[in-house]
Amino acid sequence: MITSPAALSAPFAQLVERIHAEATVLDNQIIKIDHFLNHRIEPAFMTAMGREIASRLAGYQPDIVLTAEASGIAPGLVAAIALDVPMVYAKKYAPMIEPPAYSRIVPSPTKGGETRLVIGKRYLWEGARVVIVDDILSNGRTCQALIEMVREAGAEVFAAAFIMEKHFKNGRAVIEAMDVPVATLAQVVGIEAGKVVMGGA
């Protein structure tokens, strides 16, 4: 059964509490939770989050979990294990490299500059049912590039899921405009006085 739009982005209480209590904010834009999400990883907590994402995506009956190097690999792998499907991750290369594969150049909202995302053609096939899993939804450009590559392969993206969403950015609108449902475990609706403001909690 397909999860309803409201349930896809229902706050995951453990995560919301930790972001609210532990997140630090840089330049009133960058929300750092890398001490448990994407630099130092807590296996038990990552497992809980990945399984929760998988439960929300299971109704789409995916063949592949797709993510991007490197921060999406941990949640993507846990979700793939729970869904019992392979995980594929788009590799990152310097922008000038054009390997024989599906690729897109995307900007980095946090690190600056551009990078090329690449997926080997043998790992996407026509008709494949794909779900995307990544760590943070901000401007949606990485997810947009992944969706474009999947469609170029003749496959279909059924949903895109993220650990945390910066709701005050435009990422959700970018993805939903491509007719892809969005799932998130925690939504930051704003930043006030250097502190995150959480939605739905």
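This is a predicted model: local features need pLDDT of at least 70, side-chain atom pairs count only at pLDDT 80 or more; totals for chains, interfaces and linings use all residues.
**Entry 1: getting ready**

**Entry 2**

Next I asked in what order the strands of the open sheet come. The eight strands follow the order S5-S6-S4-S3-S7-S8-S9-S10, and their pairing is mixed. At the edges I found strand S5 (102-107) and S10, each of which pairs on one side only. From one strand to the next, the twist averages 30 degrees.

A handy reminder for me: strands of a sheet pair through backbone hydrogen bonds, either parallel or antiparallel. For an antiparallel case I picked S5 and strand S6 (residues 114-119), which pair over six bridges. Here Ile 105 stands opposite Arg 116 in S6.

**Entry 2: strand S3**

Then I turned to S3 (residues 64-68) and wondered why it is largely enclosed by the rest of the structure. Five of its five residues are buried, so that settles it. Ile 64, Leu 66 and Ala 68 point one way from S3, while Val 65 and Thr 67 point the other way.

I checked the neighbours too. S3 pairs with S7 in the parallel sense over three bridges, and Val 65 stands opposite Val 131 in S7. Strand S4 (residues 87-93) also runs parallel to S3, joined to it by four bridges; Thr 67 has Tyr 89 as its bridge partner in S4. To get from S3 to S4, the chain crosses through helix H4 (residues 73-83), and this β-α-β crossover is right-handed.

**Entry 3: helix H2**

Which residues of helix H2 (residues 13-22) are buried? I found Leu 15, Val 16, Arg 18 and Ile 19. Seen down the axis of H2, the buried residues fall within an arc of 165 degrees, so they line one face of the helix. Glu 17, His 20 and Ala 21 are exposed on the other side of H2.

The buried residues of H2 pack against H3, strand S8 (156-166), strand S9 (182-192) and strand S10 (195-198). H2 itself lies across S8, S9 and S10, at about 25 degrees to S9.

Last, I looked up Ser 138, in the loop between strand S7 (129-137) and helix H5 (141-152). Is Ser 138 buried or exposed? Its relative accessible area is 12%; buried means under 20%, so Ser 138 counts as buried. Leaving out residues up to four places away in sequence, Ser 138 touches Lys 166, Lys 169, Asn 170 and Gly 171.

Conventions. Residues are numbered from 1 along each chain as its sequence is written. Side-chain values use heavy atoms; hydrogens and water are left out. Buried means under 20% relative accessible area, exposed over 50%, partly exposed in between (1.4 Å probe, protein chains only). Contact means heavy atoms within 4.5 Å. Two strands pair if DSSP finds at least two bridges between them. A crossover is right-handed if, with the strands pointing away from the viewer, the path from the first strand over the helix to the second runs clockwise. The arc is that of the directions from the helix axis to the C-beta atoms. Axes are lines fitted to C-alpha atoms, for helices over the stretch in contact, and angles run from 0 to 180 degrees between N-to-C directions.
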